[in-house]
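Biologist: I am new to this structure and would be grateful for a guided introduction. May we proceed by question and answer?

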Amino acid sequence: MGSGLLVGGEWQDTADRIEVWNPATGEVLSTVADASADEALAAVGAAYDAFPAWAGTAPRERAEILRRAYELMTAEAETGARLIALENGKAWRDAVGEVSYAAEFFRWFSEEACRIAGDFRYAPGRDKTIVVDHRPMGVAYLITPWNFPAAMATRKLAPALAAGCTTVLKPAAETPLTALWVADLLHRAGAPAGVVNVVTTARAGEVSTAVLADPRVATLSFTGSTPVGKILLAQTAKRVLPSSMELGGNAPFLVLEGADVSRAVAGAMVAKLRNGGSACTAANRFYVHESLVEAFTERFQAALAAVRVGPGIDPATDLGAMVSVKERDKILALVDQAEAEGAEAVEVGAAPPGGAFVAPRVVRNVEHGSVLTRTEIFGPVAPIVSVTDEAEAIRMANDTEYGLISYVYARDHGAGIRVARQLESGMVAVNRGVASDPAAPFGGMKESGLGREGGFAGIHEFLETQYLAVDL
Ligand code: ADP
């Protein structure tokens, strides 16, 4: 695996380099290429040139390359987990879990590659036959964030390649090493030169502006914050470019009257702490029925107190470092703001010195509408709001511009589903602390995004529908 740009099957160096940091120690791990806009456009050119041949390959051939990528990634899980734990900071268990989740996108879309179905039917007037075809769009530009450096890359690369698109991947500057490993895997699995290109850069805005203005680019798939998503939507609008957007979240976690508190706490631990809380699906605010709020808060706090905070690379760690000192400070500033508003933040356990660590916190006396209920925290801080009834919980849950995921703990599944249907979010976990699955449609309502990744829908983000009117 190189540390340059991957363009047309060759690793290329650049004049400038980006330093990649280990947030657990504050040390530089490595450096990677820092692409200019022109260098990124060369990657677009390589993807454009490779497209006709790749679009023309048998779906079975694309499927087998993706299947080999799944097998390689699974066999090399430890290498991947090491890169993720080192450059992202997350705990070893989360890093290993991410590699397995990431590999599953290769497996799922290797199965989907051969299942792209069209449609054939007679027009109601019998004057023609309607044939509906789905064709690969062309060059797909893929922008990924730092929180799941492997899984966000495979969640885009796998369906794009299965559909017959060629790709330019731009990973986050904080976590480029994992993306280079993923691209190298695909190369070894047999992806032809130019089908997967990687552009690492510290100049995300400048590079993406140039790429999205290039008429050779056919679609954008972005995962990241809502503000950056809006900038990109304005740019894609200029070219009427299709785009898939997985943006921010502000996930409510409802514990309704009659719910099993122990199960709710177990679910809260996963929903809050998976990935150190740095997930757009992380439970952001807890609305707990007044009859359960004391018991829930006490037990949640006790469970958090048992969490070991430390370097992700140490297998004994439960909660690793945040991705950077900047990210850590953003989280701590939110806690300060909450305290200034009158909430009571209880620091549970201790963060070791030296790295970008944040000890878990339970925040009591939180009012709905206060800063922690409005802002995506992206860290191990759990604000708890007491609610008087189900209707109030639903109203507060929906009182946000976001709509990615919600969690509902109810007396039984039926009650949970009834509430889920009233929630304005693209996904709802009912009596569970985690929902994501490569075989399910991932995506949000409202300002959490456009389109769906994974499931049966994911491949269609990279396919254009063409209708043929046939005179027979
Ligand atoms: P996060 O909160 O995850 O850092 P960002 O939206 O800032 O969210 O980053 C997600 C991805 O978007 C990263 O790959 C980052 O480099 C990229 N990015 C950031 N700013 C821009 C921009 N102005 N144009 C295009 N991409 C950007």
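Biologist: What share of the contacts in the protein chain with a separation of 6 or more comes from residues 24 or more positions apart?

Modeller: This is a predicted model, in which local features need pLDDT of at least 70 and side-chain atom pairs count only at pLDDT 80 or more, while totals for chains, interfaces and linings use all residues. Residues are numbered from 1 along each chain as its sequence is written. Two residues are in contact if their C-beta atoms, placed from the backbone, lie within 7 Å. Among contacts with a separation of 6 or more, the share from residues 24 or more positions apart is 71%.

Biologist: What radius of gyration does the protein chain have?

Modeller: The radius is taken over C-alpha atoms, and the globule rule is 2.2 Å times the number of residues to the power 0.38. Because the chain has 472 residues, a compact globule would be near 23 Å; the chain agrees, with 23 Å.

Biologist: How many of the residues are buried?

Modeller: A residue is buried if 20 or more other C-beta atoms, placed from the backbone, lie within 10 Å of its own. Of the 472 residues in the protein chain, the buried share is 55%.

Biologist: Which residues come nearest to the ligand?

Modeller: A residue is near a molecule if its C-beta atom, placed from the backbone, lies within 6 Å of it. The shell around the ligand holds 15 residues, and those that come nearest are Ala204, Gly205, Gly224, Ser225 and Val228.

Biologist: Which elements give two or more residues to that shell?

Modeller: Helices are DSSP runs (H or I, at least four residues), numbered from the N terminus. The elements are helix H7 (204-213) and helix H8 (226-239).

How values were computed. Buried ≥ 20, exposed ≤ 12 C-beta atoms within 10 Å, placed from the backbone.
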